[in-house]
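Open the model in your viewer and keep the sequence panel beside it. This tour goes from stop to stop, telling you what to select and what is there.

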Amino acid sequence: MCTFINSRVLLLPSKLTATAVQSPQCSVTSSHVPSAEAEMSVPVRTPRWVSPRRIFERKLSDLHRCTNLSHIKQVHAQILKASLHRDIDVAAKLVAAFSLCRHMALAASVFDQIPEPTAHLYNILIRAYAQNSRASRAFATFFQMQRNGVFPDNYTYPYLLRACCGQTSLSLVQMIHAHIEKFGFCADIFVPNSLIDTYCKCGSLGVRAARKLFDSMAVRDTVSWNTMINGLVKAKQLLEARQLFDEMPERDTISWNILLDGYAKAGEMNAGFELFREMPRRNVVSWSTMISGYCEAREMDMARVLFDKMPAKNLVPWTIIISGYAKMGMAKEASQLYDQMEESGLAPDEGTLISILAASAESGLLRLGMKVHAWVERTKYKCSTLVTNALIDMYAKCGRLDDALTIFNLMNKKDIVSWNIMIQGLAMHGNGEKALHLFSRMEKEGFEPDGVTFIGVLCACTHAGLVDEGLGYFHSMERDFGIVPQVEHYGCVIDLLGRRGRLKEAFAFVQRMPIEPNAIIWGTLLAACRIHKNMDVTSELVDHLINLDTSDSGILSLMSNINAALGDWDGVANIRRQMKNTRLRKPSGESSVELGNEVHEFTVSDISHPESDGIYQMITTLGLELE
């Protein structure tokens, strides 16, 4: 609607236009034309027209990438209101969106409202189930697709293959392979490439099947070669992988990085370095892989040389080198590099925080862990549950239980890992009763314990000397929670009984175990026998171990000491001879302490420390005073 004033056209809002039409005073006459002065005093707004439909369409176009469940539900409500819920394209976007939020029940509900789903919609649902680790539902959807007479296309099988992983899936992959051959989809190179990738995840037999398929392919692209090489690398068949790499007609940076990663993870850093030198182009992944390899090989000097020579660094290499130093207990270097990373303007992300905190916890680097925590507090970083768990773990393992408990109690969203870390932290530092109290609180708050929880609970009973309670918790695992005890749980019970001197009961418990006892089980029982000087059980246990022909150096060393205590010098000589012939050596015990931003490590009879003379003098003095 418009009105003509002084030969100009003014657009009027709809409500104002309607009023003007109904009012008898509004007419197109010169008597009602405002003066120039009045016209100048009334501002004229530029009209802004925003179409609700345009906004809705924009939301729909991005819906399949949305991860905000609340937003998705709002759009879903608008879709229902607009009667678009039966539109196949809209349904596909909704299924994908709900899948990203891991709400597969809602995704399936959207799918079920489509009377005649197309192959595309079936593919989207199959992919959604595969991404959410619902393999059985993915195959059920595929079979439903076949029953309804909808023919699979070249996307169906690659999506279905994503639901297959592990040696148990090999027969399923072979079935899908037969379908692909039958319907002629091998002509689309994307399909056989997906088959090779999935076969390689099914163990050694799968890798063999993948190689057979690869060799039979008439046409291969770079992805085919890279996928096959990656499968061989993951199967630790580095020689075959290198041979195939050398045969490649064209290589990209990914090809080089795959083989480089294989050498780094196998610890073959000399071969890796030669390959690195030959690379025509290197990217951040190439440099980071080499730095990581040298860190794992404990060659920090070489890792630092490469890090310093790296032309452009992102968070990944910084995280690797700082974590590498932290794992080695090199607190000064780790702390300095962390400061440099902050000064360079790089803010740690979740992965960086977790890696550095985990390394600090492993080596007991409290100062570095506290520095990371201080950054979190200073920047008001919004910690995820994973980061908060890493903080709790770091403080617990470094003995700062009060700090760990404070962070734990302030957590808004705890998961089972949070409870496990705190229970184990309390148990490890001798606070058994507090750990058990926390376990009771966990149950009251509705959390279901898992196998890791019971390891912490049994350790708590061990340190608190609560034998009967510990046995009660052990028997409740399978009876009340359906958790089948593993060798670690049996080890905890044997330690629990052994520490209280109930050695015959412990030995009988080992003999009744439904799984084969490992070296740790026997070592725990032997150590308890030695402490309590129970010669009857010791003799029976030594005879049993000799028949087992164990080759664990720790157990053999314990048996030698026990035989010496029993006066069986022939037995001592035989065990020592066995250890010498097989070149077995018991690894020396070691301890460490963080002092002055540096971690000092000590081993038995070690003289490598620069202050070793003073240390041994102090030990001698303390020994004399104790006498």
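Select Ser-133 first. This residue follows helix α7, and its phi is positive, near 55°. The model is predicted.

**Stop: helix α7**

Now step back and select residues 119–131, which form α7.

Next, look at burial. In α7, 10 of the 13 residues are buried, so the helix is largely enclosed by the rest of the structure. Color these buried residues: Ala-119, Leu-121, Tyr-122, Asn-123, Ile-124, Leu-125, Ile-126, Ala-128, Tyr-129 and Ala-130. What do they pack against? Show α5 (88–100), α6 (104–112), α8 (135–147) and α9 (156–161); the buried residues of α7 pack against these helices.

**Stop: Leu-238**

Jump to Leu-238, in helix α14 (residues 238–247). Is Leu-238 buried or exposed? Its relative accessible area is 12%; the cut-off for buried is under 20%, so Leu-238 is buried.

Show its contacts. Beyond its neighbours within four places in sequence, Leu-238 touches Val-233, Leu-259, Gly-262, Tyr-263, Ala-266 and Glu-268. Pick Gly-262 from that list. Gly-262 is 24 residues from Leu-238 along the chain, yet their C-alpha atoms are separated by 7.0 Å.

**Stop: α14 against α15**

The crossing is left-handed.

Show the side chains where they meet. From α14, select Leu-238, Ala-241, Arg-242 and Phe-245; from α15, select Ser-255, Trp-256, Leu-259, Gly-262 and Tyr-263. By class, this contact has 6 nonpolar, 2 polar and 1 charged residues.

**Stop: α22 against α23**

Finish with helix α22 (residues 366–379) and helix α23 (residues 385–397). How do these two cross? Their axes come within 10 Å and cross at roughly 150°. α22 and α23 are therefore roughly antiparallel to each other. Their crossing is left-handed.

Select Leu-366, Gly-369, Met-370 and His-373 in α22. They meet Leu-391, Met-394 and Tyr-395 in α23. This contact has 5 nonpolar, 2 polar and no charged residues.

Note on methods. Residues are numbered from 1 along each chain as its sequence is written. This is a predicted model: local features need pLDDT of at least 70, side-chain atom pairs count only at pLDDT 80 or more; totals for chains, interfaces and linings use all residues. Side-chain values use heavy atoms; hydrogens and water are left out. Helices (H or I, at least four residues) and strands (E, at least two) are DSSP runs, numbered from the N terminus. Buried means under 20% relative accessible area, exposed over 50%, partly exposed in between (1.4 Å probe, protein chains only). Contact means heavy atoms within 4.5 Å. A crossing is left-handed if the near helix is turned anticlockwise from the far one by less than a right angle, and right-handed if clockwise. Ala, Val, Leu, Ile, Met, Phe, Trp, Tyr, Cys and Pro count as nonpolar, Asp, Glu, Lys and Arg as charged, and the others, Gly among them, as polar. Axes are lines fitted to C-alpha atoms, for helices over the stretch in contact, and angles run from 0 to 180 degrees between N-to-C directions. Angles under 35 degrees count as roughly parallel, over 145 as roughly antiparallel, 65 to 115 as roughly perpendicular and the rest as oblique. The expected span of a helix is 1.5 Å times one less than its number of residues.
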